[in-house]
Amino acid sequence: MATLEELKNVLKETLDKRGVLSQIKAKIRAEIFASLEHEGPGKPKLSQENLLINELIREYMQYNGYLHALSVFTHESGQPSDPILDHDQMARDLRVVEDSSTRSVPLLYSLIYGYQKSRPMGENEIEPERERTKL
C-alpha cells in the first residue's frame, strides 16, 4: 500500500504533466495581484507608449500560448483585459510595412527582423543590455 507521501508525489506529478499545476499557480498569482489592486491605491493611467508596448507583449504571449503568464501580466500591468489595439493598428502606429507572410505572426517578430536586417553583416547578433549605472 502506498504511503501518503507517495500519493502526494504521484498527484503532483500528474497535475504537472497535464499542465494543471502551472495553471493553478498562475491563477493564484493573478488573484493575489487582483486583491492587492483592490486594497492599495489605484494604478496610474498607462501612457500611450506603455499601452502599445503592452499590446505587443500580449500579442506575443497569446501567439506562443503563454496564457498563464498573460493573465498575471494583464493584472500586474494594469492593461485592460481585452485588447485595445489590433495587429493592423499597431503596425500603422509603428510604421511597420507588412506582407502576407508577416501578418500571421506577432509584430515583435517583424520588429526584430527589421532591426537585424538594418544592421551591417556580422552585426546581426543582438547584444545583451548593459547594466545601467545608477545616478
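Just after helix α1, G19 has a positive phi of about 80°. Helices here are DSSP runs of H or I, at least four residues, numbered from the N terminus. The model is predicted, so to speak of local features we need pLDDT of at least 70, and side-chain atom pairs count only at pLDDT 80 or more, while totals for chains, interfaces and linings use all residues. Residues are numbered from 1 along each chain as its sequence is written, and side-chain values use heavy atoms, with hydrogens and water left out.

Next, T74, which sits in helix α4 (residues 67–77). Is T74 buried or exposed? T74 is buried, because its relative accessible area is 13%; buried means under 20%, exposed over 50%, and partly exposed in between, with a 1.4 Å probe and protein chains only. Beyond its neighbours within four places in sequence, T74 is in contact (heavy atoms within 4.5 Å) with R58 and Q79. From the C-alpha of T74 to that of A30, 44 residues away along the chain, is 8.7 Å.

Now the rings. The whole structure has 3 aromatic pairs. In one, Y60 and Y109, the centres are 6.0 Å apart and the planes at 50°, so this pair is tilted. Rings of Phe, Tyr and Trp (its six-membered ring) pair if their centres lie within 6.5 Å; planes under 30 degrees apart are stacked, over 60 edge-to-face, and the rest tilted. Y60 is in helix α3 (residues 48–64) and Y109 in helix α6 (residues 107–118), so the pair ties together parts 49 residues apart in sequence. Y60 is partly exposed at 28% relative accessible area, and Y109 is partly exposed at 38%.

Methods. Helix = DSSP H or I, 4+ residues; strand = E, 2+ residues; numbered from the N terminus.
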